[in-house]
Amino acid sequence: MKITDFHRDKRKSLSFEIFPPKKDDSLKNIDGTLEVLSELNPDYISVTFGAGGSANCNKTIELAKKIKNDYKIEPVVHLTCLHYDKAQIDEFARILSAEGIQNILALRGDRNPNVPEKKDFQHASDMISYLKDKGDFCFLGACYPECHPESPDKISEMKHLQEKVEAGAEVLLSQLFFDNDIFYDFADNCKIAGIHVPVIPGIMPVINASQIRRMVTMCGASFPPRFQKIIHKYEDNKEALFDAGMAYAVSQIIDLLTSDIEGIHLYTMNNPAVAKKICDSIRNFI
């Protein structure tokens with residue numbers, strides 16, 4: 001099933017992101033996480049891209065197969081392109097088609113000085129255009145309410161997002177943010193720019209101070225004063241900070257769900273207890 005099918009009836013979708021275990025022999029150990037997540041009835045689960053390796057041994061694809069076949073949930077496979085050539089991307093597409101996996105979150109991928117970049121795909125839109133006629137795929141794209149770190153300004157960011165949608169991205173999943181007003185402004189700008197595909201906000205429950213600082217540094221997300229006060233007051237109280245971080249995420253989500261958005265994408269960090277607690281709090285709003 002394609003992700004666009006979940007949005008045709010105008011109901012709000014619920015989706016999760018997880019990542020493959022780092023150890024080669026630990027894929028089976030993620031079943032405990034998936035069992036809890038599957039009980040929360042998500043519309044789909046996205047799987048981050050396991051960097052490096054060929055399509056035949058890629059952990060992302062193996063985990064997506066497990067989600068689809070063992071848990072009967074639609075997977076979304078993250079697929080990066082900056083470090084792959086056309087032949088390698090063709091092989092990824094061939095395997096996904098053979099496994100009946102239709103949904104791809106197309107990403108450029110982070111630059112890595114230790115991994116040579118290929119010349120075939122400079123942007124996610126290049127890969128979407130290339131793969132559009134190579135299988136029955138639904139392409140999702142990433143979007144950045146506060147701009148991609150490499151974007152010079154918001155106008156350039158919106159232009160690139162238009163190109164991504166014109167190439168064939170049918171749903172957009174946002175980078176995490178902590179200030180809903182920033183997302184609302186971004187969603188309004190998308191409409192002004194003629195981007196009318198679903199724009200799904202991505203929310204990350206932040207439950208410890210080091211995680212918050214790391215996320216803000218990595219993705220450039222704004223750190224609202226209200227959230228800063230919580231961190232400063234409770235950073236030395238692990239239990240209190242956990243509860244405060246969860247409450248902040250829930251308040252974000254409820255506010256979003258009462259507005260004209262089309263779903264929630266939850267960055268679970270492979271923590272099923274956090275996902276369950278949040279879903280229990282928001283279930284009546286979905």
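Mentor: Happy to. pLDDT is the predictor's confidence in each residue, from 0 to 100. This is a predicted model, so local features need pLDDT of at least 70 and side-chain atom pairs count only at pLDDT 80 or more, while totals for chains, interfaces and linings use all residues. Residues are numbered from 1 along each chain as its sequence is written, and side-chain values use heavy atoms, with hydrogens and water left out. The chain has a mean pLDDT of 90, with 94% of its residues at 70 or more.

Let's start with the sheet. Eight strands, β1-β2-β3-β4-β5-β6-β7-β8, form a closed barrel with parallel pairing (strands are DSSP E runs of at least two residues, helices H or I runs of at least four, numbered from the N terminus; two strands pair if DSSP finds at least two bridges between them). On average, neighbouring strands of this sheet are turned by 30° against each other, direction ignored. Helix α6 packs on the sheet and touches β5 and β6, its direction making about 145° with that of β6 (axes are lines fitted to C-alpha atoms, for helices over the stretch in contact, and angles run from 0 to 180 degrees between N-to-C directions; contact means heavy atoms within 4.5 Å).

Now to one residue of α6, which spans 154-167: E157. Leaving aside residues up to four places away in sequence, E157 touches Y144, C147, H148 and S151.
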